[in-house]
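Open the model in your viewer and keep the selection panel at hand. The stops below are meant to be taken in order.

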Amino acid sequence: MTNKKVTKLDKKPAKLFGTDGIRGTANQWPMTPETVVKIGQAIGYLLQKEAHSTSGPRKVVIGKDTRLSGYMIEQALASGLNSMGIFVQLVGPLPTPGIGYLTRTMRASAGIVISASHNPFHDNGIKVFGSDGFKISEAMEQEIERLVLEEDLTQFLPASKEIGRTRRIEDSQGRYIVYVKGTFPLEYTLDGMRIVLDTANGASYKVAPSVFQELGAEVIQLGDDPNGTNINDKVGALYPAKLAEAVLQYRADVGISLDGDADRVIMVDEKGEIVNGDRILAICALHMKERGLLKGDTLVATQMSNFGLEKRMNEAGIKLVKTGVGDKYVVEEMRKNGYNLGGEQSGHIIFLDHTTTGDGCIAALSVLAVMKQTKKKMSELNHVFEDMPQILINCRVKRRTDLHELPGYNDMIRNIEKKLAGNGRVFVRFSGTEPVIRVLVEGVDKTQINQFAEEIASFLEKELS
């Protein structure tokens with residue numbers, strides 16, 4: 001009898017898009033050259049369908065961070081887009097918000113960022129912007145997903161003479177630097193200010209120092225030597241402790257820490273204390289309201305924001321609207337109701353008067369502008385409100401399910417909420433970008449909420465392993 005090799009058919013892949021684009025381990029599905037080519041073809045096909053007979057060729061701007069796998073993914077994306085007749089313009093390493101800006105100003109049909117944001121180097125991802133500079137809708141994400149997973153895209157390939165071209169844009173960094181500097185009040189400079197700047201060995205390692213230096217600041221740099229594998233490696237917005245040490249060591253006025261694609265920022269005051277996204281939002285919201293610039297007297301945040309922020313906003317006559325976790329939900333709420341300031345505790349800060357997505361450099365400049373206009377030190381501004389104690393535990397899990405269907409979960413949460421007696425809350429959610437579930441417990445007694453968080457985390461690790 002002849003032995004036949006039996007190949008087990010692969011299960012249908014999971015959905016492509018999470019809360020912030022497509023993301024995964026480089027050289028594993030979906031971040032393989034084969035799949036990325038198809039993603040490029042799907043995007044190109046949809047752009048060509050939107051084209052009018054009288055319009056010129058469809059153009060797509062592609063930027064990236066400093067990950068080693070960015071070279072591979074960049075070429076695969078460009079190849080897929082070219083095969084659908086799309087003209088590609090490569091800009092190299094540039095912050096995510098820079099791609100949103102260039103997409104608009106270059107009149108491109110779409111913009112693509114190759115980045116896994118704050119994740120380690122072995123991950124990578126794809127974020128897609130529409131011609132308006134905003135991230136594409138969920139409906140378009142679903143259509144790209146359907147085309148990649150279910151269609152033979154070769155049937156849509158144009159004739160050989162209609163294949164697109166790729167070229168590199170050499171002055172993209174300069175364009176972004178000028179754009180960001182333009183958001184800082186013209187009557188002020190940063191002369192005499194010493195800043196420690198951590199660029200996470202990421203996309204902003206060249207442009208961010210120039211922004212602050214050209215405005216007059218003395219800049220001491222950290223995380224500015226990318227090698228393809230050290231992005232976010234114990235540097236950047238997720239690791240502000242090193243920044244805090246450097247601020248004290250160099251007697252700096254402020255520390256600024258960006259993440260790998262520079263769409264988020266965490267700051268440090270001159271005393272070495274962390275200034276997180278909630279405090280940046282509060283500082284800017286209060287300043288804008290005082291000057292009549294906060295539209296609707298409303299700030300948009302997420303469920304992860306501290307209750308202390310909400311209390312302070314209420315005291316100041318500012319309405320706080322909370323959305324689901326993810327900057328795209330914040331932006332959706334802002335656009336729907338005409339608000340101009342929103343963000344996340346993690347450091348995504350969105351000023352819709354200036355940008356279409358979180359921009360760490362613009363957010364930092366906005367805080368520095370408040371310092372200049374009020375003549376206050378960063379530590380004075382940092383005392384904008386008192387935090388209610390929070391405990392956040394990230395648990396790695398192997399599967400996802402409806403938590404309310406887990407035996408014992410609902411009773412455990414109800415029991416904890418009863419013990420909090422209205423002076424705190426429990427918030428549990430799966431990460432949209434990692435195999436992680438996040439457990440947040442907030443309350444007056446830090447020891448108590450730590451016990452509650454550990455109890456929930458232990459339960460979920462056991463049930464979802």
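This is a predicted model: local features need pLDDT of at least 70, side-chain atom pairs count only at pLDDT 80 or more; totals for chains, interfaces and linings use all residues.

Residues are numbered from 1 along each chain as its sequence is written, and side-chain values use heavy atoms, with hydrogens and water left out.

**Stop 1: the helix pair**

Select residues 277-290, helix H8, and residues 307-315, helix H9. Helices (H or I, at least four residues) and strands (E, at least two) are DSSP runs, numbered from the N terminus. The axes of H8 and H9 are 10 Å apart, and the packing angle is about 10 degrees. Axes here are lines fitted to C-alpha atoms, for helices over the stretch in contact, and angles run from 0 to 180 degrees between N-to-C directions. H8 and H9 are therefore roughly parallel (angles under 35 degrees; over 145 is roughly antiparallel, 65 to 115 roughly perpendicular and the rest oblique).

Now show the side chains at the contact (heavy atoms within 4.5 Å). H8 contributes Asp-278, Ala-282, Ala-285 and Leu-286, and H9 contributes Leu-309, Arg-312 and Met-313. Five of these contact residues are nonpolar, none polar and two charged (Ala, Val, Leu, Ile, Met, Phe, Trp, Tyr, Cys and Pro count as nonpolar, Asp, Glu, Lys and Arg as charged, and the others, Gly among them, as polar).

**Stop 2: from H9 to a strand**

Stay on H9 and select Glu-310 with Lys-322. Their side chains form a salt bridge at 3.6 Å, N to O (a side-chain nitrogen of Lys or Arg within 4 Å of a carboxyl oxygen of Asp or Glu). Lys-322 lies in strand S14 (residues 319-323) and Glu-310 in H9, so the bridge ties together parts 12 residues apart in sequence.

**Stop 3: Arg-168 and Glu-74**

Next, select Arg-168 and Glu-74, a salt bridge of 3.8 Å, N to O. Arg-168 belongs to strand S7 (residues 166-168) and Glu-74 to helix H2 (residues 70-83), so the parts tied together are 94 residues apart in sequence.

**Stop 4: the network**

Finally, select Asp-20, Arg-23, Lys-127, Lys-135, Asp-261, Asp-263 and Asp-327, which a network of salt bridges links. The structure holds 25 salt bridges.
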